[in-house]
Amino acid sequence: MTALHDCSAAELLALYARGDASPVDVCKDLLAHIERCEPKVAALWALDAKAALAAAGDSEARWQRGQALPLDGVPVTVKENIATRGLPVPLGCAATPLVPAAADAPPAARLREAGAVIIAKTTMPDLGMLSSGLSSFHKLSRNPWDLSKNPGGSSAGAAAACAAGYGPLHLGTDIGGSIRLPAGWCG
């Protein structure tokens, strides 16, 4: 059987609808997988297991009431330059003041409104400027296929998280190849 953290968003939603898995089961499985891999991959920032499990519990309750939302219980990561309430937005840069965001940016807000479970933020290079993913704020993310390589950038953490199996959905940003380069480098 496929591990729950390896399921696509559509597969997870079907499992939840049939009652064959729960958002809490998936979140616990994913957090255990991340705990095994993340020390080497270094794709994430601001992982909050307690908050993720609470969101998964809320999702599970909606499924049990028959009030599931479009992405209810689907784990997602969000690139660190997309504000999420209560967390600073360091932009991969050690010189950025760490002021907590007052509100979610629209993409993060839409994910929450759809019931997605935000697991963590993903790393990026300083101000999104390096295709290597090199950051003065974060440890260098690694390509899960070959840990001697980096995943590319600027959505470095998002691509590494995707390739490492950190859930089915990873929100990045792209102006000049910031998703396309790391997606190509990480397969």
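## Basis of the model

The structure is a predicted model, in which local features need pLDDT of at least 70 and side-chain atom pairs count only at pLDDT 80 or more, while totals for chains, interfaces and linings use all residues. Residues are numbered from 1 along each chain as its sequence is written, and side-chain values use heavy atoms, with hydrogens and water left out.

Helices (H or I, at least four residues) and strands (E, at least two) are DSSP runs numbered from the N terminus. Buried denotes under 20% relative accessible area, exposed over 50%, and partly exposed the range in between, with a 1.4 Å probe and protein chains only. Contact denotes heavy atoms within 4.5 Å.

An open sheet is formed by 4 strands in the order 1-3-2-4, with mixed pairing; two strands pair if DSSP finds at least two bridges between them. The edges are held by strand 1 and strand 4 (169-171), each with a single partner strand, so one side of each has no neighbour in the sheet.

Strand 1 and strand 3 run antiparallel and are joined by 2 bridges. Tryptophan 45 stands opposite lysine 121 of strand 3.

Helix 5 lies across strand 1, strand 3 and strand 4, and runs at about 175° to strand 4. For such angles, axes are lines fitted to C-alpha atoms, for helices over the stretch in contact, and values run from 0 to 180 degrees between N-to-C directions. Just after helix 5, glycine 165 adopts a positive phi of about 80°.

## The nonpolar core

A nonpolar core is a set of buried Ala, Val, Leu, Ile, Met, Phe, Trp, Tyr and Cys residues joined through side-chain atoms within 4.5 Å. The largest such core has 17 residues, of which Cys27, Ile34, Val41, Ala43, Leu44, Ile119 and Tyr166 touch the most other members. Helix 2 (23-41), helix 3, strand 3 and helix 5 each contribute at least two residues to this core, and helix 2 gives the largest share, 6 residues.

Beyond its neighbours within four places in sequence, isoleucine 119 has contacts that include Cys27, Leu30, Leu31, Ile34, Pro75 and Val76.

## Aromatic pairs

Rings of Phe, Tyr and Trp (its six-membered ring) pair if their centres lie within 6.5 Å; planes under 30 degrees apart are stacked, over 60 edge-to-face, and the rest tilted. The count by this rule is 2 aromatic pairs. Tyrosine 16 belongs to helix 1 (residues 9-18) and tryptophan 63 to helix 3 (residues 49-65), so the pair ties together parts that are 47 residues apart in sequence. Tyrosine 16 is buried at 5% relative accessible area, whereas tryptophan 63 is partly exposed at 22%.

Tryptophan 45 and phenylalanine 137 also form an edge-to-face pair, at 5.7 Å centre to centre and 70° between the planes. Because tryptophan 45 lies in strand 1 (residues 44-45) and phenylalanine 137 in the loop between strand 3 (117-122) and helix 5 (156-163), this pair ties together parts that are 92 residues apart in sequence. Tryptophan 45 counts as buried at 17% relative accessibility, while phenylalanine 137 is partly exposed at 26%. Histidine 138 is found in the loop between strand 3 and helix 5 and is buried, with a relative accessible area of 11%. Leaving aside its neighbours within four places in sequence, histidine 138 is in contact with residues including Trp45 and Glu80.

## Salt bridges

A salt bridge requires a side-chain nitrogen of Lys or Arg within 4 Å of a carboxyl oxygen of Asp or Glu, and the count by this rule is 7. Aspartate 72 and arginine 62 form one of them (2.7 Å, N to O). Aspartate 72 counts as buried at 0% relative accessibility, and arginine 62 counts as buried at 18%.

Aspartate 104 and arginine 85 are joined by a salt bridge (2.9 Å, N to O). Aspartate 104 counts as buried at 16% relative accessibility, whereas arginine 85 is partly exposed at 48%. Arg85, Asp104 and Arg112 are linked in a network of salt bridges.
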